[in-house]
Amino acid sequence: MIYPKSIATLIEQFQKFPSVGPKSAQRMAFHLLKMPISEVEKFARAVLEAKQSTVACEICYNLSTTSPCEICSSTSRDRSTICVVAETKDLIAIEKTNEYKGLYHVLQGLISPIDGIGAEDIRIKELLSRLTDENVKELILALSPSVEGEATSLYLTKLVKPFDIRVSRIAFGLPVGTDLEFADEITLAKALEGRREV
């Protein structure tokens, strides 16, 4: 079936989301079309407001409405420890455990040569700068146990060696290839507790 141009465009836009194929995009588009116009307007406003009011923290690159973010601005956080994560969603997953009280660094991606993402495309240079400027005693690598996560962890471990900082890695009670955002709080809390030196 050939859709009217406006519906085809809407389906195309939904397909730009990760893991959304043609069928899912079609379902979302038709669901949106069935919603009352007031709900669609509310949805559109929420998307625009989130996009316009969200910035990357100038220190850790966490997504926030302020820069520096609430975590970097907090005086109660342990400033001697930085937990390195790939994305803000991973930071949120760890925060939900209420186990970790240090600072974070969000790489905004992982090294992935297949996707054309090298070390210069993520926030590694900024992390090294923080290790020079701040009194950091431990770097915790909380990267997913995927091929990209492993490559990024190995690369960071080599770069951080000259800084004489303890580098540890969270223990994983997660299957290889699982993303942190899908882990429950207890599994993540145990993984943090069981981290090991690299």
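Leaving out its neighbours within four places in sequence, Val-84 is in contact with His-105, Leu-107, Leu-127, Leu-139, Ile-140, Leu-141, Ala-142, Leu-143 and Leu-156 (contact means heavy atoms within 4.5 Å). This is a predicted model, in which local features need pLDDT of at least 70 and side-chain atom pairs count only at pLDDT 80 or more, while totals for chains, interfaces and linings use all residues. Residues are numbered from 1 along each chain as its sequence is written, and side-chain values use heavy atoms, with hydrogens and water left out.

Let us step back for the overall view. The protein chain has eight helices and seven strands; these are DSSP runs numbered from the N terminus, helices being H or I of at least four residues and strands E of at least two. Its C-alpha atoms fill a box of roughly 60 × 35 × 35 Å along the principal axes. Of the 198 residues, 39% count as buried, where buried means under 20% relative accessible area, exposed means over 50%, and partly exposed lies in between (1.4 Å probe, protein chains only). Among contacts between residues at least 6 apart in sequence, 55% join residues at least 24 apart.

Now back to Val-84. Together with Leu-139, Val-84 has the most contacts inside the largest nonpolar core, which has 43 residues. Such a core is a set of buried Ala, Val, Leu, Ile, Met, Phe, Trp, Tyr and Cys residues joined through side-chain atoms within 4.5 Å. Two or more residues each come from α4, β3, α5, β4, α6 (124-133), β5, α7 and α8 (185-193). Apart from this core lies another, of seven residues, including Ile-11, Val-20, Ala-25 and Leu-32. In soluble globular proteins, nonpolar side chains tend to be buried together.

Ile-11 leads us to helix α1 (residues 5-14), whose buried residues are Ile-7, Ile-11 and Phe-14. Seen down the axis of α1, these buried residues fall within an arc of 60 degrees, so they line one face of the helix; the arc is that of the directions from the helix axis to the C-beta atoms. An α-helix has 3.6 residues a turn, so residues three or four places apart point the same way. The buried residues of α1 pack against α2 (22-34), whereas Lys-5 and Ser-6, on the other side of α1, are exposed.

Next come the strands. Strand β3 (residues 78-85) pairs with β4 in the parallel sense over five bridges, pairing being counted when DSSP finds at least two bridges between two strands. Val-84 has His-105 as its bridge partner in β4. Between β3 and β4 the chain crosses through helix α5 (residues 88-95), and this β-α-β crossover is right-handed: with the strands pointing away from the viewer, the path from the first strand over the helix to the second runs clockwise. Strand β4 (residues 102-106) is mostly covered, with five of its five residues buried.

What about charged pairs? The structure holds five salt bridges, each a side-chain nitrogen of Lys or Arg within 4 Å of a carboxyl oxygen of Asp or Glu. One of them joins Arg-77 and Glu-95, with the closest N and O atoms 2.8 Å apart. Arg-77 lies in the loop between α4 (70-73) and β3 and Glu-95 in helix α5, so this pair ties together parts that are 18 residues apart in sequence. Arg-77 is buried, at 14% relative accessible area, and Glu-95 is partly exposed, at 24%.

Another salt bridge is formed by Glu-138 and Arg-166 (2.8 Å, N to O). Glu-138 lies in strand β5 (residues 138-141) and Arg-166 in strand β6 (residues 166-169), so the pair ties together parts that are 28 residues apart in sequence. Here Glu-138 is buried, with a relative accessible area of 9%, while Arg-166 is partly exposed at 33%.

Arg-169 is buried at 7% relative accessible area, and Glu-150 is partly exposed at 34%.

Ser-112, in the loop between β4 and α6, is buried, with a relative accessible area of 4%. Not counting residues up to four places away in sequence, Ser-112 touches Ile-117 and Glu-148. Pro-162, in the loop between α7 and β6, is exposed, with a relative accessible area of 68%.
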